[in-house]
Amino acid sequence: MKAKLSLSIKLTLIVVLVSAIVIFTLTYINIEQQTSFFEKTYSEKAVAFTQALDTTIEQYDELKGKELLQSYILHFSEINPEILQININLLEQGELKVFVSSEENNVGNPVSHYNYISFEKGSIVNIPNHTADTHTITVITPTNFSGNFTGTYEIMMSMGSTYAVFDIHVRNLVLFSV
């Protein structure tokens, strides 16, 4: 036996269904835009650090002084606890390698292909990484001394504190949109 629904109930169900779809879609768009905003903000912060490094390293000759560069990157790491790792990668015998790093065991290692993209195109490369419990972004920029690209800076930053607050916000947003 087929139950007949009145026209007003059918219209009400349609309005509720369309409203739910619109609310969930807008919630999803809001979350994606906020995620993009956080990544852009951290990328800009990392680029500002690389520009500060470019300014601090006044001459190309200073790039050969490992101790001086090591002290620069350790200082930058200390003043910003969100910086997890800084590498200065230089061209050595036609290959980009880690010249100095806040993680000393990385020195001398070959770099990722993203560094070559940044180096060859003179562009900024952003690599966000989101796992269940960590949120990081690695920003790679070319070193720039008088328009000459001699290597890359690679900065990995933690976005954990921002995402901890954001996760609570997302849960509340989803909860209230239901």
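## A walk through the protein chain

Let's start with charge: the protein chain carries 10 positive and 18 negative side chains, and the centres of these two sets sit 23 Å apart. Here Lys and Arg count as positive and Asp and Glu as negative, with His and the chain ends not counted; each charge is placed at NZ of Lys, CZ of Arg, CG of Asp or CD of Glu. What you're looking at is a predicted model, where local features need pLDDT of at least 70, side-chain atom pairs count only at pLDDT 80 or more, and totals for chains, interfaces and linings use all residues. Residues are numbered from 1 along each chain as its sequence is written, and side-chain values use heavy atoms, with hydrogens and water left out.

Now the overall layout. The protein chain has four helices and five strands, arranged along the sequence as α-α-β-β-α-β-β-β-α. (Helices, H or I with at least four residues, and strands, E with at least two, are DSSP runs numbered from the N terminus.) Its C-alpha trace spans about 85 × 30 × 30 Å along the principal axes. The radius of gyration is 24 Å, while a compact globule of 178 residues would come in near 16 Å; that radius is taken over C-alpha atoms, and the globule rule is 2.2 Å times the number of residues to the power 0.38. Of the 178 residues, 37% count as buried, meaning under 20% relative accessible area, with exposed meaning over 50% and partly exposed in between (1.4 Å probe, protein chains only).

Gln 85 counts as buried because its relative accessibility is 16%. Its side chain makes a polar contact with the side chain of Asn 87 at 3.2 Å. (A polar contact is a pair of N or O atoms within 3.5 Å; within protein, one must be able to donate a hydrogen and the other to accept it, and residues adjacent in sequence count only if both atoms are side-chain atoms.) Setting aside neighbours within four places in sequence, Gln 85 is in contact (heavy atoms within 4.5 Å) with residues including Ser 101, Asn 106 and Met 156.

Next comes Gln 93, in the loop between E1 and strand E2 (95-101). Gln 93 counts as exposed because its relative accessibility is 81%. Its phi is near 55 degrees, a positive value in a residue other than glycine.

Last stop: Glu 104, in the loop between E2 and helix H3 (113-121). Glu 104 is exposed, with a relative accessible area of 62%. Glu 104 and Val 18 are 86 residues apart in sequence and 56 Å apart in space, C-alpha to C-alpha.
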